[in-house]
Amino acid sequence: AHRFFEMAVNAQPDSPDAAACVGYAAHRLGQDGQALYWLQRALELEPAHAEARIYLSNLLYDRGESEAALHHLDRT
């Protein structure tokens, strides 16, 4: 899935959906630095992107950053 989403984001670099999917897949693979980059990129492209905020909330929660996770969850 990660390779597929990377191809999607390369084909559509301004797609918040593609960026969020790369971020989600990276997080599932344990690549949190890459996941943070892509989720933040998705939010730069579309600040109201709910899925990116939820994925980011999950990542932050997994890292023990509960307050930051709740902040993003509240914005969905």
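Axes are lines fitted to C-alpha atoms, taken for helices over the stretch in contact, and the angles between N-to-C directions run from 0 to 180 degrees. In this predicted model, the axes of helix 1 and helix 2 come within 8 Å and cross at roughly 155°. Because angles over 145 degrees count as roughly antiparallel, helix 1 is roughly antiparallel to helix 2. The crossing in which helix 1 passes helix 2 is left-handed, and the residues that make the contact are listed by helix below.

| Helix | Residues making the contact |
|---|---|
| Helix 1 | His2, Phe5, Glu6, Ala8, Val9 |
| Helix 2 | Ala18, Ala19, Cys21, Val22, Ala25, Ala26 |

Helix 2 itself has 13 residues and reaches 18 Å from its first C-alpha to its last, close to the 18 Å expected at 1.5 Å a residue. Its buried residues are Pro16, Ala18, Ala19, Ala20, Val22, Gly23, Ala25, Ala26 and His27, and what covers them includes helix 1 (2-11), helix 3 and helix 4. After helix 2 comes Gly30, whose phi is positive, near 85°.

The largest nonpolar core holds 17 residues, of which Val9, Leu56 and Leu59 touch the most other members. At least two residues of this core are supplied by each of helix 2 (16-28), helix 3 (32-45) and helix 4 (50-62), and helix 3 gives the most, with six residues. Leaving aside residues up to four places away in sequence, Leu59 touches His27, Asp32, Ala35, Leu36 and Leu39.

Terms used. Residues numbered from 1 in each chain as written. Predicted model: local features only at pLDDT ≥ 70, side-chain atom pairs only at ≥ 80, totals over all residues. Heavy atoms only, no water. Core = buried A, V, L, I, M, F, W, Y, C linked by side-chain atoms within 4.5 Å. Buried < 20%, exposed > 50% of the residue type's maximum accessible area, 1.4 Å probe, protein only. Helix = DSSP H or I, 4+ residues; strand = E, 2+ residues; numbered from the N terminus. Contact = heavy atoms within 4.5 Å. Expected span 1.5 Å × (residues − 1). Parallel < 35°, antiparallel > 145°, perpendicular 65-115°, else oblique. Left-handed = near helix turned anticlockwise from the far one by under 90°.
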